[in-house]
Amino acid sequence: MSISKCSKCDSESIIFLHYVCKHLCAKHFRELFEKRFRSTVREFSMIKKDDRIAVGLSGGKDSTVLLRCLHELCKDLPMELVAITVDEGIDNYRDATLRIAKRETKKLGIEHKIVSFKKEFGKTLDTIMKKDGSLPCSYCGVLRRGLLNRGARELGADKLAIGHNLDDVAQTTLMNILRNEPDRIARFMEPQIKHPSFITRIRPLLRTPEKEVAIYAMVRGINIDHQECPYAQSAFRQIVRRQLNEMEECHPGTKFKILGSFLSMDKIMKMKSEKKLTACSSCGEPSAGKTCRFCEMRASFF
Amino acid sequence: MKLFLDGRLKKLNHTGTVSALLKKLKVSREEVVVKLNGRLAPETASVLTSDKVEVIKVVFGG
């Protein structure tokens, strides 16, 4: 085999960053990754000193790396970390990541709260899907977000950190455009919207490509489960993901450009938008309409 | 070359770059990590017949 050298030193490259045409060795890749993580936190003023941060920890690579990076950031920016895991009840999938979530929180000495669909709704996602097999990711996403927000509030958190990476944000932006849902673009970066029961979400991996999260986990020796959610194949997101990755291969930097466009649009839309979150008439949780999507979905399977 | 795709041994003859190998496998470079002889490697790396290549899918939807 023959491997190129790092663009910054004589070590062997482990990754070629197509969007900047640079080779990086493990040491310089780690440096870039951590620098970008910290600068994203600063750029969006995501964390204040002594904030209590709840990390949405699925136990997948993104949230596990997020937890590890936030834990290390504590040395320079004192904050309190807690973690919440939602067990949706997906056979042959969630158990492995649940084990990783427990292992990581134990290792780092972080308080860990586990909530489950089964306990909250009396049904697992598998059971719900047996009755209504359509749109599993929509059901799961809405219910999971609801439980994470409530869990973070119950833990007294100031912010809820989630592992959304660059790919997730670029996909979401494109999906909202393709579905003609500009309101969702305006709502995506929530910090400007205030509601007493809504815990502000932060996304410190916003500027990090998904593949780089996986490589970082490998470089740091973080053991990750490489299984795919059995429901993922049916998601509209999968189609957008594939197309976006094809575009990224032909035009490196496309995902960063979509993120840039999204952030510009977000700024303009925030200036024009007068919509505010209100309390759901049924459960009192924050909602963009009279009744929140969480209650609508919950009602539909009972 | 000994090729493992998501942990499963695949029969394929290839010499050349990892990038060309991924194209042959119809796998997006955006979704996988490649290890050459147990070490992470960029897509520009060249593969020889004696090498062990692991292609690991790391990007999933959902």
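Biologist: How many residues does the contact take from chain A and from chain B?

Modeller: This is a predicted model. In it, chain A gives 29 residues to the contact and chain B gives 24 residues. A residue pair is in contact if the C-beta atoms lie within 7 Å.

Biologist: Which helix gives the most to the side of chain A that touches chain B?

Modeller: H10(A) does, with six residues. Strand E1 (15-17) and helix H9 (210-219) of chain A also supply at least two residues each.

Biologist: How do the residues on that side of chain A divide into nonpolar, polar and charged?

Modeller: There are 13 nonpolar, seven polar and nine charged.

Biologist: What makes the reach of helix H1 of chain A close to the expected one?

Modeller: H1(A) has 18 residues, 26-43. At 1.5 Å a residue, 26 Å is expected. From first C-alpha to last, H1(A) reaches 25 Å, which is close.

Biologist: Why are A:Ala26, A:Phe29, A:Phe33, A:Phe37 and A:Val41 called buried?

Modeller: Buried needs 20 or more other C-beta atoms within 10 Å of a residue's own. These five residues of H1(A) are buried, so each meets that cut-off.

Biologist: How do you know that they are on the same side of H1(A)?

Modeller: They cover an arc of only 100° around the axis, so they sit on the same side of H1(A). Their cover includes E1, strand E2 (22-24), helix H2 (61-73) and H9 of chain A.

Definitions and conventions: Residues are numbered from 1 along each chain as its sequence is written. Chains are lettered from A and ligands numbered from 1 in the order in which they are written. This is a predicted model: local features need pLDDT of at least 70, side-chain atom pairs count only at pLDDT 80 or more; totals for chains, interfaces and linings use all residues. Two residues are in contact if their C-beta atoms, placed from the backbone, lie within 7 Å. Helices (H or I, at least four residues) and strands (E, at least two) are DSSP runs, numbered from the N terminus. Ala, Val, Leu, Ile, Met, Phe, Trp, Tyr, Cys and Pro count as nonpolar, Asp, Glu, Lys and Arg as charged, and the others, Gly among them, as polar. The expected span of a helix is 1.5 Å times one less than its number of residues. A residue is buried if 20 or more other C-beta atoms lie within 10 Å of its own, exposed if 12 or fewer, and partly exposed in between; C-beta atoms are placed from the backbone. The arc is that of the directions from the helix axis to the C-beta atoms.
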